[in-house]
Amino acid sequence: MKVAMLGWEYPPFKVGGLGTHCYGLTRSLADKNVKVDFYMPKTKHKFDNDKDNLKIIEVGETEIFPYDRPEDKELVGQFFEAVYRYNDLLVSKVKGKYDAIHCHDWLTMKAGVAIKEKTGTPLVLTVHSTEYDRSGWIYPNEWFINIEREGMEKADRIIAVSNFTRKVIIEKYGIPPEKVSVIHNAVHPIGEGEKRNIVLFLGRLTIQKGPEFFLKTAKKVLDYEDTHFVVAGVGDMLPRLIDQAIDMGISNKIIFTGRLTEEEVKHIYQISSVYVMPSVSEPFGITALEAISAGTPAVVSKTAGFSEAFKNCLKVDFWDTDEMANKIISILRYSPLRETLAEQGKREIELFTWDRVAEKTLEVYRGITE
Amino acid sequence: MTSICFYFEVHQPMRLNRFSVFNIGKNDNGFPNYFDDTLNKNIFEKVATKCYLPTNKLLLDLIERFDTNFKVSFSLTGTFIEYCEKYSPEVLDSFIELFKTGAVDLIEETYFHSLSSLFDDLDEFEEQVKLHRQMIKRIFSYKPQVFRNTEAIFDNRIAKKIADMGYKGIITEGTEKILGWRSPNFLYKPVNADIKVLLRNYKLSDDVGFRFSAKEWTGYPLTADKYARWMSRCHGDIINLFIDYETFGEHQWTETGIFDFIKHIPEEVFKHKNLDFVTVGEATERYNPMGEIDVPWAISWADSDRDVSTWLGNNMQIACFNELKNLGRKIKKLENNDLLYIWRLLQTSDHLYYLSTKGFEDGNVHAYFSPYDVPYDGFINYMNILQDIKYQMTA
């Protein structure tokens, strides 16, 4: 079995769950004797790759990142051209005989479809998020939706990272249910650290991730418990969030870290007492798995794909900041709750291996190649 | 002759209101209502319609049709009786009518279906047994002779206490943990007390309670004639079939054929000359112990572990149990009956059962019965209520 995988980020260069997924998946597939050629834009980073079956192939440069929006000011006017250019480049670079083409999300979908049409190779598409998620369901951009819809229609099989996302694919994009499988994400466990009095938010500071609900909750918690709140990550909402914290009079308790390195991310997971994921729309939410693997109890949005897959966490409606505060205070206050969540959580984490993801992905490949 | 002893546990807990940390200490006019009356009423009425009323009617018909040779026993918890009196007197009437046939025996237990038998001393346990005794006397003018502790929790200490209180029999699980190679189909005697122990035949009981509608089970579909045939081949004096009453029509829906199954049980059993029915009281009169059992650590009929880990298996459960226990010492000194009643309702074992984090097979059973999405929500709610009580007592 030989697969051409078209990605756009790969550790150590990554911004989201997609890069983490590609890393875990490609390495575990390689261990299962699948030959994987992973195509991605050229970066300045060096990749550590010790797998014979895995090749990382850089195909020119692009200024576009997975979570960029056409309205981002530096890209105005060139955004669409840049996307088309990268996809054309991919089509010309992906050569040789493959059993399957495997694309991740919208950025390489056009190339995936073109290669399929040119060579007749079956196309697999993993959907990590849709335009609806990234826009927080507010004014989704038709340009992205059209690319996504075309890719989904042309793909032979689609992998969704949750039932939640599968439903969106079926209902919003009109894809036949039998074409869409669900494979939940996995995690490389981080390991525990010494806990401090910190409640953590980690993610892009965008509407999709619900950071403003985190701040509203922080205000309510602080009336009852003395603790620190860390907002880790960058995004277009950062200035507004800083203002919000000042307006609420809690800026001395909120720490905005900006962009963190991979080591810093691990460290902050390890020392936090509670991880909060108040996402408005979250196809899966790998960060919750990462936090729990660091022994940190998680309070997560009920709508997150993670919620449907994981038992040992606290689930809450992202808009219900009273209940979110109730749960955070309870974790801080009641040590048996903290201990049991951490203990049972780590046990459940063991089920979320990349080996399982690779095995299930391989099943999908087999389904279209045999 | 082998006697079949059908016994049904009839219980409903008083489920709790949602109580957040923000509610703690916020009620100035005494204790707030910690119990979710609307949810409790809805569940009770649903189960009454699906299970209690139709099953009672069916059993009454069968008892009359077979001239009281078909017999059953019940344990009715205090909270269940309170539900009947509050929401559905006709359910209670139908139990009274069943009892009047003479083919029905009643079993004693703690009024609150509580875990008081696991407290450091057994005073509270004894009081709750007496409360149940008074309740049965008031409604049925009867004094039960056989005792069954909450979910059959049993150890030497409990057996001794119950023997000292004058009961002739006590019920628990027929687990290999205490029997080893021996059969559950006989009466036994605890090493330290003079009382007859009835042991649940868990294989045959669970065939009905858990496996009845399981299509992957080799015994599926279970029919009355098949089941009677299995029992006629059993050796021993007695087959104790102890089952949650809600199995009929609620855990196993009508569509599974559970009512048809029960309906044909007596006639199929009577086709075998070596089988008859007894109540728990008759069993203790008719049969003598075959051997001794020694149970230094508590067993129960819950989950696959058959111990008390169902209620005290993780730190959250232990913390709640200890907090509850310690609260009791203070509450008992106050002579505040309302508070004492609340504290006792909180002792109902179901509240801690919801906090169990046991995985997979057992966990699924827990989830089915729980009003909470995850056990952690149950802990937060229950612990917040205990904190509120504590706050109110010092305020």
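Ala114(A) sits in helix α3 of chain A, residues 109-119. Asp88(A) is 26 residues away from Ala114(A) in sequence, yet their C-alpha atoms are 8.8 Å apart in space.

Before going further, keep in mind that this is a predicted model, in which local features need pLDDT of at least 70 and side-chain atom pairs count only at pLDDT 80 or more, while totals for chains, interfaces and linings use all residues. Residues are numbered from 1 along each chain as its sequence is written, and chains are lettered from A and ligands numbered from 1 in the order in which they are written.

Now zoom out to the whole of chain A. It has 14 helices and 13 strands; these are DSSP runs numbered from the N terminus (H or I over at least four residues for helices, E over at least two for strands). The radius of gyration of chain A is 20 Å, close to the 21 Å that the globule rule gives for 370 residues, so the chain is as compact as a globular protein of that length. (That radius is taken over C-alpha atoms, and the rule is 2.2 Å times the number of residues to the power 0.38.) The C-alpha trace of chain A spans about 65 × 45 × 40 Å along its principal axes, and 50% of the 370 residues are buried. Two residues are in contact if their C-beta atoms, placed from the backbone, lie within 7 Å. Take the contacts in chain A between residues at least 6 apart in sequence: 67% of them join residues at least 24 apart.

Chain A is assigned two domains: domain 1 covers 2-186 + 353-369, and domain 2 covers 198-349. These bounds come from an automatic or database domain assignment. The C-alpha centres of the two domains lie 28 Å apart. Where they meet, 19 residues of domain 1 of chain A are in contact with 14 residues of domain 2 of chain A. On the domain 1 side, α1, α4 (131-134) and α6 of chain A each supply at least two residues. That side divides into seven nonpolar, ten polar and two charged residues. Here Ala, Val, Leu, Ile, Met, Phe, Trp, Tyr, Cys and Pro count as nonpolar, Asp, Glu, Lys and Arg as charged, and the others, Gly among them, as polar.

Next, look for a sheet of seven strands in chain A. This open sheet runs in the order β3-β2-β1-β4-β5-β6-β7, with parallel pairing; two strands pair if DSSP finds at least two bridges between them. β3 (54-58) and β7 (180-182) of chain A stand at the edges with a single partner strand each, so one side of each has no neighbour in the sheet. From one strand to the next, the twist averages 20°. Strand β2 of chain A, residues 35-40, pairs with β3(A) over five bridges, and Met40(A) stands opposite Glu58(A) in β3(A). Helix α1 of chain A (17-31) packs on this sheet, with its direction at about 155° to that of β2(A). Helix α6 of chain A (163-173) lies across β5, β6 and β7 of chain A, at about 165° to β7(A). For these angles, axes are lines fitted to C-alpha atoms, for helices over the stretch in contact, and angles run from 0 to 180 degrees between N-to-C directions.

There is also an open sheet of six strands, in the order β10-β9-β8-β11-β12-β13 of chain A, with parallel pairing. Its edges are β10 (254-258) and β13 (314-316) of chain A, each with a single partner strand. β9(A) and β10(A) pair over four bridges, and Val231(A) stands opposite Phe256(A) in β10(A). Phe229(A) is in strand β9 of chain A and is buried, with 25 other C-beta atoms within 10 Å.

Finally, turn to chain B. The contact between the chains takes 14 residues from chain B and 17 residues from chain A. α16(B) gives the most to the chain B side, with four residues.

Methods. A residue is buried if 20 or more other C-beta atoms lie within 10 Å of its own, exposed if 12 or fewer, and partly exposed in between; C-beta atoms are placed from the backbone.
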